[in-house]
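Work through the two exercises below with the sequence and the model in view, and try each task before reading its solution.

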Amino acid sequence: MGAISMYPSVLPQVLPPGVQLRSLLPHKDDRGVFLEAFREEWSTGCDPVQWNVVRSEPDVLRGVHVHSSHTDYLLVISGRMFLGLHDIRPNAPTDGLSAMLVLDASTPTAVTVPPGVCHGFYFPEPSIHMYAVSHYWDETDELGCRFDESELGLNWPNREPKLSRRDGLASSYGEMRDQFLKRYTQNTKR
């Protein structure tokens with residue numbers, strides 16, 4: 001389907017269905033900043049069962065991962081993140097669509113990433129992000145591929161980032177997609 005590159009914007013023309021962006025309003029005064037990150041009344045597409053906070057060093061890339069069951073809801077609270085997205089849902093009109101968003105703590109934006117949308121996070125500077133998940137961690141729902149697979153159509157700012165052992169040894173795009181399709185088919189039959 002092609003790639004959308006949005007440096008430095010978070011307002012692309014097309015995103016995979018279910019990916020939601022929500023601008024957040026920081027309340028500043030001489031003491032600091034108050035920010036509502038999540039309200040139950042917001043329709044985020046994610047009913048959190050767990051919240052996590054992650055600090056990343058400069059030049060770290062986390063991912064690329066995809067889930068067949070759970071939804072993520074995330075925002076950067078310090079620093080900057082390049083958020084790479086790629087849709088692999090077989091019946092989605094955006095199957096194969098890629099997008100790169102830049103999330104900056106100075107303009108807080110929350111993003112919902114539904115099942116079937118691959119995602120990776122690159123941090124050009126020390127950063128902290130928080131995210132909620134709709135399901136507890138399940139090893140069978142943790143699929144991934146190398147961040148630099150050409151099929152992803154993601155133009156990362158650093159082609160030699162710091163990776164975890166898991167992400168460095170990740171499978172190919174084709175293997176990840178095949179594994180996802182098996183789980184996706186099982187989930188849609190339920």
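This is a predicted model: local features need pLDDT of at least 70, side-chain atom pairs count only at pLDDT 80 or more; totals for chains, interfaces and linings use all residues.

Residues are numbered from 1 along each chain as its sequence is written, and side-chain values use heavy atoms, with hydrogens and water left out.

**Exercise 1.** Determine how many residues of strand S11 (residues 117–123) are buried, and which strands pair with S11.

*Solution.* Strands are DSSP runs of E with at least two residues, numbered from the N terminus. Buried means under 20% relative accessible area, exposed over 50%, and partly exposed in between, with a 1.4 Å probe and protein chains only. Seven of the seven residues of S11 are buried, so the strand is largely enclosed by the rest of the structure. Next, recall that side chains in a regular strand alternate between the two faces of the sheet. On one side of S11 lie Val117, His119, Phe121 and Phe123, and on the other Cys118, Gly120 and Tyr122, all of them buried. Finally, two strands pair if DSSP finds at least two bridges between them.

**Exercise 2.** Classify the ring pair of Phe38 and Trp51.

*Solution.* Rings of Phe, Tyr and Trp (its six-membered ring) pair if their centres lie within 6.5 Å; planes under 30 degrees apart count as stacked, over 60 as edge-to-face and the rest as tilted. The whole structure holds five aromatic pairs. The centres of Phe38 and Trp51 are 5.5 Å apart and their planes stand at 70°, so this pair is edge-to-face.

Terms used: Helices (H or I, at least four residues) and strands (E, at least two) are DSSP runs, numbered from the N terminus.
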